[in-house]
Amino acid sequence: MTYKKAHVFLVTLLIISLTIPLSLPLVKSAPVHHKATFAYIGATPNPLGVGQETLIHIGITDELELVQYGWQGLTITVTRPDNTTTTLGPFKTDATGGTGTVFIPDQIGTYYLQTNFPAQWFNWTSSGGADIFYEASTSEKLALNVTESQPTQFYQGIPLPTDYWTRPINNQFRDWYTIAGNWLQPTRNEGPFVPFEQNAPDTAHILWAKPLTVGGLVGGAYETEGYEHGDAYEGLWGNGSPVIMGGIVYYNNDKDLGSNRTERTVSAVDQRTGEELWTRSLIDPATGVTLSLTCGQILTWNSYNYQGAKSYLWANSGSTWNAFDPYTGRWEYSISNVPSGTQIRGPNGEFLIYTYNRNGYLTLWNSTRVVSTDGSFLYSTGLGTTFRATPDQPRNGGYQFNVTVPAGLPGTTVAAYSDEIVLGNDLQSRTATSNILGLTGSPWNFWAINVKSGQEGTLMYNRAWNPPAGNLSLTFEKSSLADNVFTVWSKELRGRIGFNMKTGEQIWGPTEPEYYMQTFGLQSNMAYGKLYSTGYGGHLYAYDLKTGNRLWDIKIDEGYGGTEVLWSSNWPMALMFIADGKIYMAHSEHSAIQPLPRDAPFMAVNATDGNVIFRINGAFKQPRWAGQAGIADGIITLFNPYDNQIYSIGKGPSKTAVTASPKVMSLGNAILIEGTVLDNAAGTNNVNIATRFPNGVAAVSDASMNEYMKHVYMQFPAPTDTTGVQVTLSILDSNNNYKVIGTTTTDANGKFSYMWEPEIAGTTTIYATFSGTGGYYGSTAETAVGVTDQNQTPAPTTAQQLMIEAYFVPAVAAIIVAILLVGLALAIFLKKRV
């Protein structure tokens, strides 16, 4: 080989060697395919005004295999009206092949936008690992027209109802969320704050009553004895009652502490009408035992496959939880081995349980993660499944995290806030007696652990606290994340002490002593920057959460007939709930003796100033050993131990009727307008009430509501001072003029009347309008009268007109003929003379 040939050979070999590494990445073990792509772009809205937002939609027409994948590196070339350009991105699409971004133009004129898709590989494992090379592409140019101003068009929301409304609510009525609500977590002696309820009742108007079981006075030889009502220990309306979801009330029909060997049933009734939708047993699929209702759940599930709220009834037995369909009562799925700990609801309605183990770890269990973390929730294969909540199961059995924390923290967790903080202390294990015996002693301990994302398990504080002297019994009372405070109650001091939630430092207290009977039973809660306290003391106190200062004190003593509580001049009270700026309370006691004390109060109090909004005496009690009242959609549903009936209380429908007589009269005469405004609630159609009130139940004023509802639904004597409601009367005359002619008020029977003299002749429509009150929605009715004017020559009737035409036409014709004949005769006469 010559030097020249060798040189050429070496150069050629070098070139080949340099190209080999560049080719290697393109060599695939699986088949290699190329595919052309088609990029797209869109904008909404288009056209738009300068400075307004538009949503740019970009991507290619090819989807990817799984949801976690997306096309990479897409950009948007933007050419402005002044011909300058800019590039937006890069962007990653979702698995559908598309994505979006917001663009705000800053120039008037036409923009041009174009999507740029860079070439890239994708391996389709579902197709045998085939690699496809997706070629680069650009979209057509999109003209985006920008004007100086462009009216922003938004969907006009459906206004809130002013009339009586029902469920279901059309999904398009988005603004109605402010008046719609649910009651998911039944409580006993807690008085929960319901922040989203904005339409709570201002009166004690009853919508319906429905017996739960035999109740009330026995009578006869049993004299004043009443039927059992569940207090104490045998609550008739079990602790899972009520659950209210989507306008349906769910409740247990059996004693709370009944034996599992007897059949238990749960009922579903319409919250507005009391109509029973179903009654059935909720059966544990593993044991066949019938279960009691525990609580409800509404879970929002928004994923790439499925979006919407799912609702469940839960009937739990120990560590096994069972979910049932609320519309039919059908079993859906179960979870076994659910951990113990501090349970709260998560932001999507999931159950969260924080558990502290003194060996040095904190866990968070999430009920949703047991079933799914993405895609679909409880898809067809999940129905009828019992999932195990243990770490060896898929998705760790629902355990969201298990983090190391300091070991040996005293006590246990007492409160938790999702993605914020877990509070713990050792107060539950200490009493005045144990202190005296030397079993425990000062200091007491408070601690908190950070559970924010990325900071889970960080100890915020572990603070020792020396309480006031005196061998006190201290209990953790309530906490508020919004107010950064928790409180500790001492029954000996009859007061409370406030602490900073984030540091554990004492910030105020002890507060001044409450009434001595508070020692034997306390109920309290926090809302609107205040703590509200009531209980066996028969007072309602309000405190400022920042300072601990007492703001006001209401003494709840004698009813209209005096108190019959043997051991107190005040009424022991239950704080049912706080909603819509109001505190709802009712009389309740541990072990009510027979005969029950009369005139027990049920009341609503303004949460700002303590003014009583309404108080009805002798209508309702609240059980101590069963579920207390719940509220949803502005309607309170409760069990009443006075007669063992279930009641719904809330603003109800009315029905107005109007007539006028005589129906036809001459101008200058008066007519009598009469009508009624009646209570149109479903309960008035009950056969017993309809029999007692054959002409209907009157709609009465808010001031008369208390005694009148007791008369209608509980057979109390008819009040003698009942006042009705105002009715506005208006007319539309024959000239199409509308005006109000007066107002009147209905009587105790719902009737009204009004004399009126029409001013012009013709047909007049009369309207009777009841605008509504705190207890009733409004209603309207109409009638019509005819008015004649005798001083005005009446127009001929059709028959008269036909008769006129029958005689008038021939007469006219005869006259014309006569004139013609006379004219002809005259012409002949003149001709002869000539």
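**Strands and their partners**

Strands β2, β4 and β7 form an open sheet of 3 strands in the order β2-β4-β7, with antiparallel pairing. This is a predicted model: local features need pLDDT of at least 70, side-chain atom pairs count only at pLDDT 80 or more, and totals for chains, interfaces and linings use all residues. Residues are numbered from 1 along each chain as its sequence is written, and side-chain values use heavy atoms, leaving out hydrogens and water.

Terms used below:
- A strand is a DSSP run of E with at least two residues, numbered from the N terminus.
- Two strands pair if DSSP finds at least two bridges between them.

- β2 and β4 (residues 54–60) run antiparallel and are joined by 6 bridges.
- A43 stands opposite I56 of β4.

Strand β51 and its partners:
- In β51 (residues 671–679), 7 of the 9 residues are buried (under 20% relative accessible area, with a 1.4 Å probe and protein chains only).
- β49 (residues 654–661) pairs with β51 in the antiparallel sense over 8 bridges.
- T656 faces V677 of β51 across this pairing.
- β54 (residues 751–756) also pairs with β51 in the antiparallel sense, over 6 bridges.
- W756 in β54 is the bridge partner of I671.

Key: Helix = DSSP H or I, 4+ residues; strand = E, 2+ residues; numbered from the N terminus. Buried < 20%, exposed > 50% of the residue type's maximum accessible area, 1.4 Å probe, protein only.
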